[in-house]
Amino acid sequence: MTEAPESAGDSRRAHARYAPGTPCWVSLMVHGMAATQTFYGELFGWEFRPGPHQLGPYVRALLDGREVAGIGQLPPDRYLPITWTPYLASDDVDLTAETVRLCGGTIGVGPLDAGDAGRLAIGSDPSGAVFGVWQAAAHLGTGLDGVPGTPVWNELRTFETATVAKFYETVFGYEVQRSASTTEADSGSGSESGSESGFDHATLCLDGRAVAGIHGVGHTLPRDRGPHWVTYFQVADTDEAAERLTGLGGQVLSPARDTAHGRVAMVADPEGARFALVSGAR
């Protein structure tokens, strides 16, 4: 985490519409829907209900009756990297998609309507990292934050920050704040293997508020993964959650460590989707 998320205040309030550029949802596409629901249900206490099926079978995860994430079914013949994908809010997904293309990114899915929930597109930045764009209608996005089991931060792992930060700045209007000097322990964002040797960080801000991070890790990126976004999920106790995760068939990629922004462990679910557990986030 290159920057700590700000306090959510009353975490159980109903969310208003997210400002354009704000991470507003996270979604995971997998091969084994039932097994994945069991894993995350046991890990985070999620319950599930059906969501829009425009991209195939899909469920929304709920905590206290509020929607916090989505899980979809990959077609059996599609062997794509299994990864959590953040969705960034937009008031006009068609215009945002065109801007993505003009700035050197690609749009792989959409724009298309997801029933009455909203309109979406899925694209990638010039480095190849996949992200979504969401124009809300009935579904505003994540409806609960600041409690265990909710996404608290999203960070892009990429080769270097300068070029890709310019892309996100142009497409979504972010202010980019660069970290002049830091250490892995302070940033809480070392490589999954823990063998980071250089530090290249940028924070994406809207109206002075940090909303996402970019971490340039050079050639320490996993060869089978390439540039990718990592979602941090809040937990009550990182060590306990990591132990529970391994008992459920997940893997700890980088053991829990104390950082300036909380205690963080990098982990993967049974299908290989990488994410982070964090407790004590400021």
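Contact here means heavy atoms within 4.5 Å. By that rule, and not counting residues up to four places away in sequence, L277 touches F44, F233, V235, T238, A241, A242, R263, V264, A265 and V267. The model is predicted, so local features need pLDDT of at least 70 and side-chain atom pairs count only at pLDDT 80 or more, while totals for chains, interfaces and linings use all residues. Residues are numbered from 1 along each chain as its sequence is written, and side-chain values use heavy atoms, with hydrogens and water left out.

**Nonpolar cores**

- A nonpolar core is a set of buried Ala, Val, Leu, Ile, Met, Phe, Trp, Tyr and Cys residues joined through side-chain atoms within 4.5 Å; buried means under 20% relative accessible area, exposed over 50%, and partly exposed in between (1.4 Å probe, protein chains only).
- The largest such core has 30 residues, and Y40, F44, W46, W84, F275 and L277 have the most contacts inside it.
- Elements giving two or more residues to this core include β1 (23-30), α1 (33-44), α5 (238-247) and β16 (274-279); helices (H or I, at least four residues) and strands (E, at least two) are DSSP runs, numbered from the N terminus.
- α1 supplies the largest share of this core, 5 residues.
- A second, separate core has 24 residues, among them V133, F172, L204 and W229.

**Aromatic pairs**

- Rings of Phe, Tyr and Trp (its six-membered ring) pair if their centres lie within 6.5 Å; planes under 30 degrees apart count as stacked, over 60 as edge-to-face and the rest as tilted.
- This rule gives 20 aromatic pairs.
- One of them is the tilted pair of F44 and W46, at 5.1 Å centre to centre with 40° between the planes.
- Both partners are buried: F44 has a relative accessible area of 7%, and W46 has 4%.
- F44 and W46 also belong to one aromatic cluster with F39, Y40, F48, W84, F233 and F275.

**Sheet and helix**

- Eight strands form an open sheet in the order β10-β11-β12-β9-β13-β16-β15-β14, with mixed pairing; two strands pair if DSSP finds at least two bridges between them.
- β10 (175-178) and β14 (251-259) stand at the edges with a single partner strand each, so one side of each has no neighbour in the sheet.
- From one strand to the next, the twist averages 25°.
- β10 and β11 (residues 200-206) run antiparallel and are joined by 4 bridges; V176 has L204 as its bridge partner in β11.
- α1 lies across β13 (228-234) and β16, at about 10° to β16; axes are lines fitted to C-alpha atoms, for helices over the stretch in contact, and angles run from 0 to 180 degrees between N-to-C directions.
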